[in-house]
Amino acid sequence: MGLMYHIGLLGLGTVGGGVAQILTDPAGRHPLLKELAIAQVGVRNRHKPRAVELDPQLFTTDLESIVTNPNIDIVVEVLGGIEPARSLILKAIAHGKHIVTANKAVIARHGDEIFDAANAQGVYVMLEAAVAGGIPVIQALKQSLGANRIHSVTAILNGTTNYILTRMQQERGDFAPILADAQRLGYAEADPSADIEGWDAADKIAILASLAFGGRIRREEVYCEGISGITAVDITYAEKLGFRIKLLAIARQLSAQPLEVRVHPTLVPLEHPLAGVNDVFNAILLEAEPLGQVMFYGPGAGSGATASAVVADLINIAALLPQGRASHPLLTRQPDQLMPLLPMAEVDSRFYARVHAQDHPGVLGKLGTCFGHHNVSLESLVQIGSHNELAEIVIVTHHVREGEFRQAMAEIAQMSDIAAVPSILRVLGTS
């Protein structure tokens, strides 16, 4: 048996409990697990009943004492949120501890500061669990795909919104009652904002984009639009047109253009591999050269899935610890240049829009003329039915610059014949 490495665990909630479960039952798993021992566990309440049996003497409510404890080699941060997680990670690094974190928010917003500190101290910061739960996409981007030039990352990274959209599609139901039911069933948080507004997916795509394209991403520059405006009507029309609506996180770089990083609901063609990813599952589709397309699919959250990724990172660190300072060139994060992001007005996309118009002759012609003035080429412009004595018109465009499409829609919304523009959504299309 090799050396024994001591772990300080910050948090014993869903993920922390899952990590402790694996570490206390190493049989049949990687032999390096036998070299990892939990030395201290930071909790808010020492006396709360736990699903995993640990020696009560390991518990402390003083989280700072863990990150400064000289006997601890690796700190596992599974608290979530920005503070105190950020301060504790930085203090642990200052005390020479390696870090394993499942915290996408802290990495997306403060990753530069954390990686710079880690590089200066010669410690590893591992974050497989921060994106897509147990799906091994971070390690793949750092190691296995290194020979490739990545063109795009298109992903479903938030289980809550995918679950809600799946149910809306299956039940032809509206957003609010299905969200309420998802909260009752525990699939959505009491405050679901981070999920339904797309912020959680934006944190995750910022991290993936940084790894895939080798630069620093300012999280606040990532365009983010949530799903609360999606209606059963849109889902039905999308289906009729051959699409499913998904909350996609997209990072892509077209030749000679700045990087695009964005999160928004998107009409995905039914034959596309992401169209069939349902419920709380996550999937990441990478397009790379020379590999082509590769998709990672699996559970994006939950105790077992996320703990699987945390412990995989611990095993990686245990394998490297005998070498001393963090020196593995594929596992340390090098300082990179800041990558400017393409403004949304310049992004090239297809669009779907729904318009309520007076049922007069010539309205479709007026719409067509306005689109023509703004260089918007239409795939279809169809009057589908009527809504409160108004004609319901559904528009699908070819690829167009977003700024030009938005100008056309602003002009259309001002027309006297137009009563409302209830929805505008992007459509996934090959570039």
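A salt bridge is a side-chain nitrogen of Lys or Arg within 4 Å of a carboxyl oxygen of Asp or Glu. Good morning. With that term in hand, I shall present this structure, which is a predicted model.

Let me begin with one pair that meets the definition. Arg252 forms a salt bridge with Glu260, and their closest N and O atoms are 2.8 Å apart. Are these two partners buried or exposed? Arg252 has a relative accessible area of 8% and is therefore buried. Glu260, with a relative accessible area of 1%, is buried as well.

A further pair is Glu402 and Arg426, whose closest N and O atoms are 2.8 Å apart in a salt bridge. Glu402 belongs to helix H13, residues 402-414, while Arg426 belongs to strand S17, residues 418-427, so this bridge ties together parts that are 24 residues apart in sequence. Both residues are buried. In total, the structure holds 26 salt bridges.

Let me now step back to the chain as a whole. Its secondary structure comprises 13 helices and 17 strands. The C-alpha atoms fill a box of roughly 80 × 45 × 35 Å along the principal axes. For 431 residues, a compact globule would have a radius of gyration near 22 Å, and the chain, at 24 Å, agrees with this. Of these 431 residues, 54% count as buried. If we take contacts between residues at least 6 apart in sequence, 73% join residues at least 24 apart.

I turn next to helix H6, which runs over residues 159-171. Its 13 residues reach 18 Å from the first C-alpha to the last, close to the 18 Å expected at 1.5 Å a residue. At the start of H6, a side-chain oxygen of Asn158 comes to within 3.3 Å of the backbone nitrogen of Thr160. After the helix comes Arg172, whose phi is positive, near 55°.

How many residues of H6 are buried? The count is 11 of 13, and the helix is mostly covered. Among the elements that cover its buried residues are strand S7, helix H10 and strand S11.

The side chains of Arg167 and Glu171 meet at 2.7 Å, N to O. Arg167 counts as buried because its relative accessibility is 12%, whereas Glu171, at 43%, counts as partly exposed. These two residues, together with Asp181 and Arg184, are linked in a network of salt bridges.

Lys246 is buried yet has no salt bridge. Where is the nearest side chain of opposite charge? That side chain belongs to Asp279, 8.0 Å away, and a salt bridge would require a distance within 4 Å. Asn162 is itself one of the buried residues of H6. Beyond its neighbours within four places in sequence, Lys246 is also in contact with residues including Ile156, Leu165, His264 and Val277.

Thank you for your attention.

Conventions. Residues numbered from 1 in each chain as written. Predicted model: local features only at pLDDT ≥ 70, side-chain atom pairs only at ≥ 80, totals over all residues. Heavy atoms only, no water. Buried < 20%, exposed > 50% of the residue type's maximum accessible area, 1.4 Å probe, protein only. Lys, Arg positive; Asp, Glu negative; His and termini not counted. Contact = heavy atoms within 4.5 Å. Helix = DSSP H or I, 4+ residues; strand = E, 2+ residues; numbered from the N terminus. Expected span 1.5 Å × (residues − 1). Polar contact = N/O pair within 3.5 Å; in protein donor to acceptor, adjacent residues only side chain to side chain. Rg over C-alpha atoms; globule rule 2.2 N^0.38 Å.
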